[in-house]
Amino acid sequence: IDLIAGARHNFMKIAPIIKAIEKASGEGKNISYRLVHTGQHYDKKMSGSFFEELGIPEPHINLESGSGTQAEQIATIMVRYEKALMEERPDLVLVVGDVTSTMACSITAKKLNNIKVAHVEGGIRSGDLTMPEEINRMVTDSITDYFFTTSETANENLRKIGVGDERIFFVGNTMIDTLLKHRKNFIRPSIWNQLELQKDRYIVMTLHRPANVDEESKLKSLIEEIINNSHDFPLVFPVHPRTAKILEHLGIRHLKLHTIEPLGYLEFNYLVENAKVVITDSGGITEETTVMGIPCMTLRDNTERPETITMGTNELLGTDPRFIKPAMEKLFSGTWKKGNIPELWDGYTGERIIKHLLNIG
(Lines give C-alpha, C1' and ligand atoms only; values in the text may rest on other atoms or scores of the structure.)
Protein backbone atom coordinates (compact mmCIF):
# COMPACT_ATOMS: atom_id res chain seq x y z
CA ILE A 1 0.00 0.00 0.00
CA ASP A 2 1.17 3.51 -0.80
CA LEU A 3 0.15 5.89 2.00
CA ILE A 4 -0.11 9.50 0.77
CA ALA A 5 0.40 12.54 2.98
CA GLY A 6 0.77 16.12 1.85
CA ALA A 7 0.46 18.21 5.00
CA ARG A 8 1.12 17.88 8.69
CA HIS A 9 -2.45 16.95 9.64
CA ASN A 10 -2.37 14.19 7.00
CA PHE A 11 0.38 12.47 8.96
CA MET A 12 -1.85 12.56 12.06
CA LYS A 13 -4.44 10.63 10.06
CA ILE A 14 -1.90 8.23 8.55
CA ALA A 15 -0.12 7.35 11.84
CA PRO A 16 -2.79 4.94 13.19
CA ILE A 17 -2.94 3.20 9.80
CA ILE A 18 0.83 2.66 9.85
CA LYS A 19 0.58 1.25 13.36
CA ALA A 20 -2.20 -1.13 12.26
CA ILE A 21 -0.22 -2.28 9.21
CA GLU A 22 2.85 -2.97 11.32
CA LYS A 23 0.74 -4.91 13.82
CA ALA A 24 -0.88 -7.00 11.07
CA SER A 25 2.48 -7.62 9.43
CA GLY A 26 3.90 -8.74 12.78
CA GLU A 27 1.05 -11.24 13.02
CA GLY A 28 2.07 -12.76 9.70
CA LYS A 29 -0.36 -10.94 7.41
CA ASN A 30 0.93 -10.22 3.90
CA ILE A 31 0.81 -6.44 4.00
CA SER A 32 3.42 -3.69 3.76
CA TYR A 33 3.48 0.01 3.00
CA ARG A 34 5.40 2.85 1.43
CA LEU A 35 4.93 6.27 3.03
CA VAL A 36 4.87 9.02 0.39
CA HIS A 37 5.19 12.65 1.45
CA THR A 38 4.25 14.88 -1.47
CA GLY A 39 5.90 17.91 0.12
CA GLN A 40 2.77 19.95 -0.57
CA HIS A 41 3.20 21.90 2.67
CA TYR A 42 6.57 22.81 4.04
CA ASP A 43 6.33 23.04 7.80
CA LYS A 44 9.45 23.96 9.73
CA LYS A 45 8.05 22.12 12.74
CA MET A 46 7.75 18.90 10.75
CA SER A 47 11.29 17.74 11.51
CA GLY A 48 12.55 14.34 12.56
CA SER A 49 11.41 15.09 16.10
CA PHE A 50 7.83 15.54 14.82
CA PHE A 51 7.80 12.03 13.35
CA GLU A 52 9.46 10.59 16.44
CA GLU A 53 7.05 12.41 18.77
CA LEU A 54 4.02 10.86 17.11
CA GLY A 55 5.56 7.48 16.32
CA ILE A 56 5.54 8.13 12.57
CA PRO A 57 8.46 6.81 10.50
CA GLU A 58 10.33 9.12 8.17
CA PRO A 59 8.69 9.00 4.70
CA HIS A 60 10.12 6.52 2.21
CA ILE A 61 9.63 9.08 -0.56
CA ASN A 62 9.42 12.87 -0.51
CA LEU A 63 8.19 14.32 -3.80
CA GLU A 64 9.19 17.83 -2.65
CA SER A 65 6.45 19.42 -4.72
CA GLY A 66 6.76 22.74 -2.88
CA SER A 67 4.55 25.75 -3.39
CA GLY A 68 3.18 27.44 -6.51
CA THR A 69 -0.26 28.03 -7.95
CA GLN A 70 -2.79 25.29 -7.39
CA ALA A 71 -2.34 24.09 -10.98
CA GLU A 72 1.45 24.09 -10.70
CA GLN A 73 1.32 22.17 -7.44
CA ILE A 74 -1.11 19.57 -8.79
CA ALA A 75 1.00 19.10 -11.90
CA THR A 76 4.26 18.71 -9.98
CA ILE A 77 2.75 16.15 -7.59
CA MET A 78 1.27 14.14 -10.47
CA VAL A 79 4.45 14.10 -12.55
CA ARG A 80 6.65 13.09 -9.63
CA TYR A 81 4.24 10.55 -8.18
CA GLU A 82 3.75 8.94 -11.58
CA LYS A 83 7.50 8.36 -11.73
CA ALA A 84 7.41 6.74 -8.27
CA LEU A 85 4.54 4.48 -9.36
CA MET A 86 6.39 3.40 -12.48
CA GLU A 87 9.41 2.45 -10.38
CA GLU A 88 7.31 0.44 -7.94
CA ARG A 89 3.62 -0.29 -8.48
CA PRO A 90 1.59 -0.79 -5.29
CA ASP A 91 -1.59 -2.85 -5.08
CA LEU A 92 -3.44 0.08 -3.53
CA VAL A 93 -3.01 3.83 -3.04
CA LEU A 94 -4.52 5.09 0.20
CA VAL A 95 -5.22 8.83 0.48
CA VAL A 96 -6.56 10.77 3.46
CA GLY A 97 -8.51 13.97 3.90
CA ASP A 98 -9.01 16.63 1.26
CA VAL A 99 -5.76 18.40 0.41
CA THR A 100 -4.42 18.85 -3.12
CA SER A 101 -2.20 15.78 -2.72
CA THR A 102 -5.27 13.64 -2.01
CA MET A 103 -6.79 14.46 -5.38
CA ALA A 104 -3.56 14.58 -7.40
CA CYS A 105 -2.29 11.18 -6.27
CA SER A 106 -5.71 9.56 -6.71
CA ILE A 107 -5.91 10.73 -10.32
CA THR A 108 -2.34 9.63 -11.03
CA ALA A 109 -2.94 6.15 -9.61
CA LYS A 110 -6.20 5.59 -11.46
CA LYS A 111 -4.84 6.80 -14.81
CA LEU A 112 -1.74 4.63 -14.50
CA ASN A 113 -3.09 1.12 -15.07
CA ASN A 114 -6.14 1.68 -12.87
CA ILE A 115 -4.40 1.20 -9.53
CA LYS A 116 -7.01 0.83 -6.77
CA VAL A 117 -7.62 3.88 -4.56
CA ALA A 118 -8.93 3.97 -0.99
CA HIS A 119 -10.09 7.27 0.52
CA VAL A 120 -9.98 7.74 4.27
CA GLU A 121 -12.56 10.39 5.25
CA GLY A 122 -14.44 9.77 2.03
CA GLY A 123 -17.89 11.29 1.62
CA ILE A 124 -17.57 14.42 3.73
CA ARG A 125 -19.07 17.51 2.09
CA SER A 126 -19.51 21.19 2.91
CA GLY A 127 -21.55 22.00 -0.18
CA ASP A 128 -19.31 25.03 -0.71
CA LEU A 129 -17.60 24.99 -4.11
CA THR A 130 -15.58 28.09 -3.24
CA MET A 131 -13.48 25.85 -0.98
CA PRO A 132 -10.59 24.15 -2.83
CA GLU A 133 -10.98 21.24 -0.41
CA GLU A 134 -14.53 20.60 -1.60
CA ILE A 135 -13.31 20.21 -5.19
CA ASN A 136 -10.61 17.82 -3.96
CA ARG A 137 -13.20 15.73 -2.10
CA MET A 138 -15.61 15.54 -5.01
CA VAL A 139 -13.00 14.62 -7.61
CA THR A 140 -11.31 12.06 -5.36
CA ASP A 141 -14.59 10.38 -4.42
CA SER A 142 -15.66 10.20 -8.06
CA ILE A 143 -12.79 7.80 -8.85
CA THR A 144 -12.25 6.06 -5.48
CA ASP A 145 -12.69 2.29 -5.16
CA TYR A 146 -13.03 1.93 -1.37
CA PHE A 147 -14.33 4.53 1.08
CA PHE A 148 -13.51 4.64 4.78
CA THR A 149 -15.93 7.02 6.46
CA THR A 150 -16.22 8.94 9.73
CA SER A 151 -20.02 9.21 9.97
CA GLU A 152 -23.36 8.04 8.65
CA THR A 153 -23.76 11.48 7.04
CA ALA A 154 -20.69 10.75 4.90
CA ASN A 155 -22.16 7.36 3.99
CA GLU A 156 -25.36 9.03 2.80
CA ASN A 157 -23.41 11.57 0.75
CA LEU A 158 -21.68 8.70 -1.06
CA ARG A 159 -24.93 6.81 -1.68
CA LYS A 160 -26.36 9.96 -3.27
CA ILE A 161 -23.63 9.90 -5.91
CA GLY A 162 -24.23 6.21 -6.65
CA VAL A 163 -21.63 4.46 -4.48
CA GLY A 164 -22.79 0.99 -3.42
CA ASP A 165 -22.72 -0.06 0.22
CA GLU A 166 -20.23 -2.82 -0.61
CA ARG A 167 -17.59 -0.12 -1.17
CA ILE A 168 -18.42 1.97 1.91
CA PHE A 169 -16.83 1.08 5.25
CA PHE A 170 -17.91 3.09 8.28
CA VAL A 171 -14.82 2.88 10.48
CA GLY A 172 -14.57 6.08 12.55
CA ASN A 173 -11.96 8.80 12.64
CA THR A 174 -8.20 8.23 12.47
CA MET A 175 -7.49 11.77 13.76
CA ILE A 176 -9.18 10.70 16.97
CA ASP A 177 -7.01 7.57 17.12
CA THR A 178 -3.98 9.86 17.21
CA LEU A 179 -5.57 12.23 19.71
CA LEU A 180 -6.50 9.48 22.16
CA LYS A 181 -3.13 7.75 21.85
CA HIS A 182 -1.17 10.92 22.66
CA ARG A 183 -3.60 12.70 25.00
CA LYS A 184 -1.69 11.66 28.12
CA ASN A 185 1.52 13.04 26.56
CA PHE A 186 0.34 16.58 25.78
CA ILE A 187 3.08 19.11 26.54
CA ARG A 188 2.51 22.38 28.37
CA PRO A 189 3.95 25.07 26.05
CA SER A 190 6.28 27.76 27.36
CA ILE A 191 3.62 30.35 26.59
CA TRP A 192 1.59 28.92 29.50
CA ASN A 193 3.94 30.29 32.15
CA GLN A 194 4.84 33.41 30.17
CA LEU A 195 1.20 34.50 30.03
CA GLU A 196 0.35 33.02 33.44
CA LEU A 197 -2.50 31.03 31.90
CA GLN A 198 -4.96 29.12 34.06
CA LYS A 199 -7.21 26.22 33.14
CA ASP A 200 -10.61 27.37 31.81
CA ARG A 201 -9.46 31.00 32.04
CA TYR A 202 -8.30 31.73 28.49
CA ILE A 203 -9.49 31.44 24.88
CA VAL A 204 -7.72 29.74 21.96
CA MET A 205 -8.30 31.07 18.45
CA THR A 206 -7.18 29.82 15.03
CA LEU A 207 -8.09 31.49 11.75
CA HIS A 208 -6.65 30.62 8.35
CA ARG A 209 -9.40 30.60 5.72
CA PRO A 210 -9.13 33.37 3.11
CA ALA A 211 -12.74 34.46 3.69
CA ASN A 212 -11.80 35.40 7.25
CA VAL A 213 -8.14 36.35 6.97
CA ASP A 214 -7.72 38.04 3.59
CA GLU A 215 -10.67 40.42 3.95
CA GLU A 216 -8.97 42.84 6.30
CA SER A 217 -12.08 44.68 7.47
CA LYS A 218 -13.80 41.39 8.34
CA LEU A 219 -10.76 40.10 10.22
CA LYS A 220 -10.57 43.33 12.21
CA SER A 221 -14.27 43.18 13.07
CA LEU A 222 -14.13 39.52 14.08
CA ILE A 223 -11.16 39.94 16.40
CA GLU A 224 -12.47 43.15 17.95
CA GLU A 225 -15.84 41.52 18.61
CA ILE A 226 -14.17 38.52 20.24
CA ILE A 227 -12.00 40.76 22.43
CA ASN A 228 -14.95 42.94 23.43
CA ASN A 229 -16.94 39.90 24.57
CA SER A 230 -14.18 37.80 26.12
CA HIS A 231 -14.63 38.97 29.74
CA ASP A 232 -10.97 40.02 29.62
CA PHE A 233 -9.85 36.41 29.25
CA PRO A 234 -6.46 36.12 27.51
CA LEU A 235 -6.87 35.32 23.82
CA VAL A 236 -4.12 33.02 22.52
CA PHE A 237 -3.83 33.11 18.73
CA PRO A 238 -1.25 30.82 17.06
CA VAL A 239 -0.94 32.71 13.81
CA HIS A 240 0.49 32.09 10.35
CA PRO A 241 3.21 34.63 9.41
CA ARG A 242 1.06 35.98 6.54
CA THR A 243 -1.85 36.57 8.91
CA ALA A 244 0.53 38.16 11.43
CA LYS A 245 1.52 40.74 8.81
CA ILE A 246 -2.14 41.54 8.14
CA LEU A 247 -2.77 42.01 11.86
CA GLU A 248 0.25 44.30 12.09
CA HIS A 249 -0.96 46.29 9.09
CA LEU A 250 -4.40 46.66 10.65
CA GLY A 251 -2.89 47.80 13.92
CA ILE A 252 -4.86 45.27 15.95
CA ARG A 253 -3.39 45.32 19.43
CA HIS A 254 -4.82 44.57 22.82
CA LEU A 255 -3.31 43.66 26.17
CA LYS A 256 -5.28 40.39 26.18
CA LEU A 257 -4.53 39.41 22.55
CA HIS A 258 -1.43 37.24 22.29
CA THR A 259 -0.31 36.22 18.81
CA ILE A 260 2.21 33.38 18.92
CA GLU A 261 3.97 31.17 16.39
CA PRO A 262 2.20 27.94 15.41
CA LEU A 263 2.73 25.21 18.00
CA GLY A 264 3.55 21.52 17.70
CA TYR A 265 0.75 18.97 17.94
CA LEU A 266 1.26 18.02 21.58
CA GLU A 267 1.64 21.63 22.75
CA PHE A 268 -1.32 22.96 20.79
CA ASN A 269 -3.66 20.27 22.06
CA TYR A 270 -2.54 20.95 25.63
CA LEU A 271 -3.77 24.52 25.12
CA VAL A 272 -7.03 23.30 23.58
CA GLU A 273 -7.78 20.79 26.34
CA ASN A 274 -7.40 23.42 29.06
CA ALA A 275 -9.14 26.33 27.30
CA LYS A 276 -12.49 27.90 28.12
CA VAL A 277 -13.41 27.81 24.43
CA VAL A 278 -11.81 27.43 21.01
CA ILE A 279 -12.79 29.86 18.25
CA THR A 280 -11.74 28.56 14.84
CA ASP A 281 -12.45 28.16 11.14
CA SER A 282 -10.74 24.76 11.00
CA GLY A 283 -12.60 21.50 10.46
CA GLY A 284 -10.23 19.13 12.23
CA ILE A 285 -10.08 21.15 15.43
CA THR A 286 -13.86 20.87 15.79
CA GLU A 287 -13.45 17.08 15.88
CA GLU A 288 -10.78 17.26 18.56
CA THR A 289 -12.72 19.69 20.76
CA THR A 290 -15.75 17.40 20.49
CA VAL A 291 -13.77 14.46 21.87
CA MET A 292 -12.11 16.60 24.57
CA GLY A 293 -15.43 18.16 25.59
CA ILE A 294 -14.25 21.73 24.97
CA PRO A 295 -16.75 24.34 23.69
CA CYS A 296 -16.01 25.33 20.09
CA MET A 297 -17.24 28.18 17.91
CA THR A 298 -16.72 27.87 14.16
CA LEU A 299 -16.49 31.08 12.14
CA ARG A 300 -17.73 29.60 8.88
CA ASP A 301 -21.02 29.52 7.00
CA ASN A 302 -20.86 25.75 6.46
CA THR A 303 -19.09 22.66 7.70
CA GLU A 304 -18.18 19.28 6.27
CA ARG A 305 -18.29 17.82 9.80
CA PRO A 306 -21.94 18.27 10.90
CA GLU A 307 -21.61 15.58 13.57
CA THR A 308 -19.48 18.01 15.61
CA ILE A 309 -22.57 20.22 15.79
CA THR A 310 -25.42 17.69 16.03
CA MET A 311 -23.57 15.57 18.58
CA GLY A 312 -20.45 17.45 19.67
CA THR A 313 -19.49 20.69 21.40
CA ASN A 314 -19.25 22.79 18.23
CA GLU A 315 -21.57 25.56 17.04
CA LEU A 316 -21.50 27.06 13.55
CA LEU A 317 -21.62 30.84 14.04
CA GLY A 318 -21.09 31.98 10.46
CA THR A 319 -18.75 34.79 9.46
CA ASP A 320 -20.87 37.75 10.58
CA PRO A 321 -19.23 39.35 13.65
CA ARG A 322 -22.69 40.11 15.10
CA PHE A 323 -23.17 36.45 16.02
CA ILE A 324 -20.13 36.37 18.30
CA LYS A 325 -21.66 38.33 21.19
CA PRO A 326 -24.70 36.05 21.78
CA ALA A 327 -22.47 32.97 21.50
CA MET A 328 -20.04 34.37 24.08
CA GLU A 329 -22.94 35.29 26.38
CA LYS A 330 -24.16 31.70 26.15
CA LEU A 331 -20.65 30.41 26.92
CA PHE A 332 -20.07 32.61 29.96
CA SER A 333 -23.56 31.96 31.33
CA GLY A 334 -22.59 28.29 31.65
CA THR A 335 -25.28 27.03 29.28
CA TRP A 336 -23.05 25.78 26.45
CA LYS A 337 -23.98 22.25 25.39
CA LYS A 338 -21.96 19.34 26.79
CA GLY A 339 -21.94 17.21 23.63
CA ASN A 340 -21.33 13.52 23.00
CA ILE A 341 -18.62 11.60 21.17
CA PRO A 342 -19.74 10.32 17.72
CA GLU A 343 -19.98 6.59 17.07
CA LEU A 344 -16.69 4.74 16.50
CA TRP A 345 -14.53 7.74 17.44
CA ASP A 346 -12.89 5.38 19.91
CA GLY A 347 -9.22 5.07 18.95
CA TYR A 348 -9.48 1.87 16.88
CA THR A 349 -10.23 3.25 13.41
CA GLY A 350 -6.80 2.40 11.96
CA GLU A 351 -7.20 -1.25 12.95
CA ARG A 352 -10.66 -1.42 11.38
CA ILE A 353 -9.35 0.04 8.12
CA ILE A 354 -6.59 -2.54 7.80
CA LYS A 355 -8.93 -5.38 8.76
CA HIS A 356 -11.28 -4.38 5.94
CA LEU A 357 -8.42 -4.05 3.43
CA LEU A 358 -7.11 -7.50 4.31
CA ASN A 359 -10.59 -8.95 3.83
CA ILE A 360 -10.90 -7.18 0.47
CA GLY A 361 -7.62 -8.84 -0.48
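User: Where is Ile 135 placed in this predicted model?
Analyst: The model is predicted. The stretch to look at is residues 132-143. Ile 135 lies within that run, in helix H5.

User: Is Ile 135 buried, partly exposed or exposed?
Analyst: The relative accessible area of Ile 135 is 35%. Buried needs under 20% and exposed needs over 50%, so a value in between has its own class. Ile 135 is therefore partly exposed.

User: Which residues make the nonpolar surface patch of about 260 Å²?
Analyst: Ile 135 of helix H5 is one of them.

User: Which are the edge strands of the open sheet of seven strands?
Analyst: The order is S3-S2-S1-S4-S5-S6-S7, with parallel pairing. An edge strand pairs on one side only. That picks out strand S3 (61-62) and strand S7 (168-170).

User: What is the bridge partner of Val 120 in S6?
Analyst: Strand S5 covers residues 116-120 and strand S6 covers residues 146-149. The two pair in the parallel sense over three bridges. In S6, the partner of Val 120 is Phe 148.

User: What angle does the direction of helix H4 make with that of S4?
Analyst: Helix H4 (residues 100-111) packs on the sheet. It touches strand S1 (2-5), strand S4 (92-96) and S5. Its direction and that of S4 make about 165°.

User: Is Gly 127 buried or exposed?
Analyst: Gly 127 sits in the loop between S5 and H5. Its relative accessible area is 64%. The cut-off for exposed is over 50%, so the class follows. Gly 127 is exposed.

Notes:
Residues numbered from 1 in each chain as written. Predicted model: local features only at pLDDT ≥ 70, side-chain atom pairs only at ≥ 80, totals over all residues. Heavy atoms only, no water. Patch = residues over 30% accessible without salt bridge, like charges linked within 9 Å, V, L, I, M, F, W, Y side chains within 5 Å. Areas by Shrake-Rupley, 256 points an atom, 1.4 Å probe, with all protein chains shown as cover. Salt bridge = Lys/Arg side-chain N within 4 Å of Asp/Glu carboxyl O. Helix = DSSP H or I, 4+ residues; strand = E, 2+ residues; numbered from the N terminus. Buried < 20%, exposed > 50% of the residue type's maximum accessible area, 1.4 Å probe, protein only. Pairing = 2+ DSSP bridges. Contact = heavy atoms within 4.5 Å. Axes fitted to C-alpha atoms, helices over the stretch in contact; angles between N-to-C directions.
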